[in-house]
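Have a look at the model first.

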Amino acid sequence: MVVKTQSKGRCLTGLNVGVSNVRRYFPKQVAVIELQLDHLQIQCGLSPDFWQDQPEIHDARLCAWLESKNFHARPDRFPIPMAMIPAGNNSFKLQPVSLNPLARTRQASKTAA
C-alpha cells in the first residue's frame with residue numbers, strides 16, 4: 001500500500017495511511033503494529049481515532065527515521081509517498097516509493113557504466 005509522510009510545522013511527524021488502506025489492512029481489534037525501518041523494528045500504537053477520521057501513525061522513532069532519510073530537506077514540504085509492505089501479522093516494511101521507475105533504471109545504468 002502507498003502511504004504518505006505527514007508534516008506539521010518544520011518536522012515530519014508520521015504517516016497518513018488513508019481511510020481506504022485502514023479498512024483494507026488494519027483490523028479494528030489491532031492496537032499495535034510493527035514497522036520495519038531498514039534494520040530497525042519498532043512497535044507503534046494505533047489510537048481509536050485511527051479507524052475513524054485520523055488514519056495516522058505517530059511515533060518519535062518513526063519521525064527520527066524519516067528525518068534521517070533526509071525527507072525533511074525537501075523545500076516544498078509536500079507529503080512523500082512511502083510503500084508500506086505487509087511483512088507478517090500486523091507487521092509492515094516501510095520504504096520510499098519511486099514514482100518514476102525510468103529514473104531509477106537510468107540511474108542504475110549510469111552507475112554500472
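A contact here means heavy atoms within 4.5 Å. Among contacts in the chain between residues at least 6 apart in sequence, 53% join residues at least 24 apart. This is a predicted model, so local features need pLDDT of at least 70 and side-chain atom pairs count only at pLDDT 80 or more, while totals for chains, interfaces and linings use all residues. Numbering starts from 1 along each chain as its sequence is written, and side-chain values use heavy atoms, with hydrogens and water left out.

**Overall layout**
- The chain has 3 helices and 7 strands, which are DSSP runs (H or I, at least four residues, for helices; E, at least two, for strands) numbered from the N terminus.
- Their order along the sequence is β-β-α-β-β-β-α-β-β-α.
- Of the 113 residues, 36% are buried (under 20% relative accessible area, 1.4 Å probe, protein chains only).

- Leaving out residues up to four places away in sequence, L94 touches V3, L15, Q36, L37, L62, W65, M82, A83 and M84.

**Strands around β6**
- β1 (residues 2-8) pairs antiparallel with β6 over 3 bridges (pairing takes at least two DSSP bridges), and V2 sits opposite A83.
- β6 and β7 also run antiparallel, joined by 5 bridges, with I85 opposite K93.
- Their hairpin has 4 residues between the strands, and G88 takes a positive phi near 130°.

Definitions and conventions. Buried means under 20% relative accessible area, exposed over 50%, partly exposed in between (1.4 Å probe, protein chains only).
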